[in-house]
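I opened this notebook to record what I looked up, one topic at a time. The entries follow the order in which I went through the model.

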Amino acid sequence: MSSRPLERLPTIRAKLGSTIVFAVVVTILLSYVLIAFQLRNTPRASEAIDTLAAARRVIQGRPIPENMMVVTRAPDGTVTIRGNDLGVLPPKYTDGVPHWGVVGANSYAVVPTADGGSVSVLEPSPSRGFLGRMSATLGFLQSLWWQLLLTALVSAAIALVLSRLLARGMTQPLRDMARAARRMETGDYSVRVHTRSRDEVGQLADAFNKMSTELQQLEQLRRDLVANVSHELKTPITALRAHLENLLDGVEEPDPATLQVMLAQSERLGRLVEQLLDLSRLESGDVPLEREPVLLAPIVAQVLSEIEMARAGRGVTVTSDLPPDLPPVYADRERIHQVLFNLLDNAVRFTAGGGRVEVKATRVNGSCEVRVEDTGTGIAAEHLPRLFERFYRIDPARSREDGGTGIGLAIARSVVEAHGGHITAESEIGKGSTFTFDLPVASADDHRRTA
């Protein structure tokens, strides 16, 4: 069946059903022709009966029918042939009873005579030669046309019912996906397609479910992002507005303390906007990495001094333990500085006074593995999978008091992944946390490119 007629059908079920019915009809027709061709000798029984009647008429002295051969056997064994010589003799019978059948391509009948001999009549069969065989085949089909028609109608009906049932089961996931897609157009990403099939349609349904799950997660992330950004922007803006209104109403004086509070809120607002822009550029790949062979020891020392100045008075010891033979990494110096600062700043903020934060690094095959360990309060296991999401906080109230925005770890992940590495977190409540990321070690080619 050509594919163009199938394209005019509106549904896959109709296409599948039409294909099955067409295949069944062709199979039935071919089977009928082949069966009839093989059974073309069946009408010869009728021909043999007619030949037997002709032999009785010959014995009665009537003329020999046209195209027939008459063989007379005398009691002494003499054979006499009259009429059309067909070149073949019928079998010899001595039991004294009539016989009929087919010999070669001829029908014959043998009738005993009163003197102990016999008269045989042979009639050419119409099935001799190719045209004859086809004629016999068509004759057989013509004699049984209504049985064949009934069989074809029953077979076609069964094929149509089965194809409809099969097509309905096979296309049900497709119809479900069409309904789900229409619901997704309205923003409902919670719909799923249920199927137990493992064929191509089942694989498509599984892929559709994964896509809808990802879209649902992205939609939830979008809503969370809008809500978190709105809240983070609202907090410093509200504080600034309140102080400005108090200054205008004369409730507060523009003394250094009030101005310092307003400056801190404006800096927080600017820091949030800058981090959002930075994260957006990193995730979209708009920020080119200025990669070069970089030694980690100087960067770690610089970050430690900055952390000590920014978090002075917390009573947390910040140290580093880097081997002297640590090879340089092929990375962007400023971005790695940003990752280390974010990780160390978080570690210090969530470590109580008297605690310790340490930076370690080791070479693992072709990468340099950097670890930031602390003895803080630890992170519960249910928070670890979402720890690097934007605006995700373990303790929202405490983070806001410390000035955190929930974007630092998301930026760290984007920077590390942009370098082809991975960042992970391990933690245990009451024992502290360990953040680990890896960077590629600079090769000889990297040194030559930057030389």
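**Entry 1, a hairpin.** I began with the hairpin of S1 and S2, where five residues lie between the strands and Gly-77 takes a positive phi near 95 degrees. I note at the outset that this is a predicted model, and I read every value below as computed from it. S1 and S2 run antiparallel and are joined by five bridges, and I found Met-69 standing opposite Gly-83 in S2.

**Entry 2, the sheet around it.** I then asked in what order the strands of this open sheet follow one another. There are five of them, in the order S2-S1-S5-S4-S3, and the pairing is antiparallel. Strand S2 (79-83) and strand S3 (99-103) stand at the edges with a single partner strand each, so one side of each has no neighbour in the sheet. On average, and with direction ignored, neighbouring strands of this sheet are turned by 20 degrees against each other. As background I wrote down that strands of a sheet pair through backbone hydrogen bonds, in either a parallel or an antiparallel way.

Looking at the other pairings, I saw that S1 and S5 run antiparallel and are joined by five bridges, with Val-70 opposite Val-121 in S5. Strand S4 (residues 106-112) and strand S5 (residues 118-124) are also antiparallel, and seven bridges pair them; here Asn-106 stands opposite Pro-124 in S5.

Is strand S1 (residues 69-73) mostly covered or mostly open? It is mostly covered, for four of its five residues are buried. Not counting residues up to four places away in sequence, Val-70 touches Val-58, Ile-64, Thr-80, Ile-81, Arg-82, Val-119, Ser-120 and Val-121. I also looked up the C-alpha separation between Val-70 and Ala-54, which are 16 residues apart along the chain, and it comes to 9.8 Å.

Next I turned to the largest nonpolar core, which has 42 residues, and asked which of them touch the most other members. These are Leu-344 and Phe-437. The elements that give two or more residues to this core are helix H8 (296-310), strand S8 (329-332), helix H9 (333-349), strand S9 (356-364), strand S10 (367-374), helix H11 (408-418), strand S11 (423-428) and strand S12 (432-440). H9 gives the most, with seven residues. For Phe-437, leaving aside its neighbours within four places in sequence, I listed contacts with Val-339, Leu-340, Leu-343, Cys-368, Glu-369, Val-370, Val-416, His-422 and Ile-423. Apart from this core lies another, of ten residues, among them Leu-52, Met-68, Ala-109 and Val-119.

H11 is mostly covered, with eight of its eleven residues buried; the buried ones are Gly-408, Leu-409, Ala-410, Ile-411, Ala-412, Ser-414, Val-415 and Val-416. After H11 comes Gly-420, whose phi is positive, near 85 degrees.

**Entry 6, aromatic rings.** How many aromatic pairs does a search of the whole structure find? It finds one. The partners are Phe-388 and Phe-435, in an edge-to-face arrangement with 6.2 Å centre to centre and 85 degrees between the planes. Phe-388 lies in the loop between S10 and helix H10 (396-401) and Phe-435 in strand S12, so the pair ties together parts 47 residues apart in sequence. Phe-388 has a relative accessible area of 9% and is buried, and Phe-435 also counts as buried, at 9% relative accessibility.

The chain has twelve helices and twelve strands, and buried residues make up 35% of its 451 residues. Of the contacts with a separation of 6 or more, 64% are between residues 24 or more positions apart. The chain exposes about 26300 Å², of which carbon and sulfur atoms supply 57%.

Technical notes: Residues numbered from 1 in each chain as written. Predicted model: local features only at pLDDT ≥ 70, side-chain atom pairs only at ≥ 80, totals over all residues. Heavy atoms only, no water. Buried < 20%, exposed > 50% of the residue type's maximum accessible area, 1.4 Å probe, protein only. Contact = heavy atoms within 4.5 Å. Areas by Shrake-Rupley, 256 points an atom, 1.4 Å probe, with all protein chains shown as cover. Pairing = 2+ DSSP bridges. Axes fitted to C-alpha atoms, helices over the stretch in contact; angles between N-to-C directions. Core = buried A, V, L, I, M, F, W, Y, C linked by side-chain atoms within 4.5 Å. Phe/Tyr/Trp six-rings, centres within 6.5 Å; stacked < 30°, edge-to-face > 60°.
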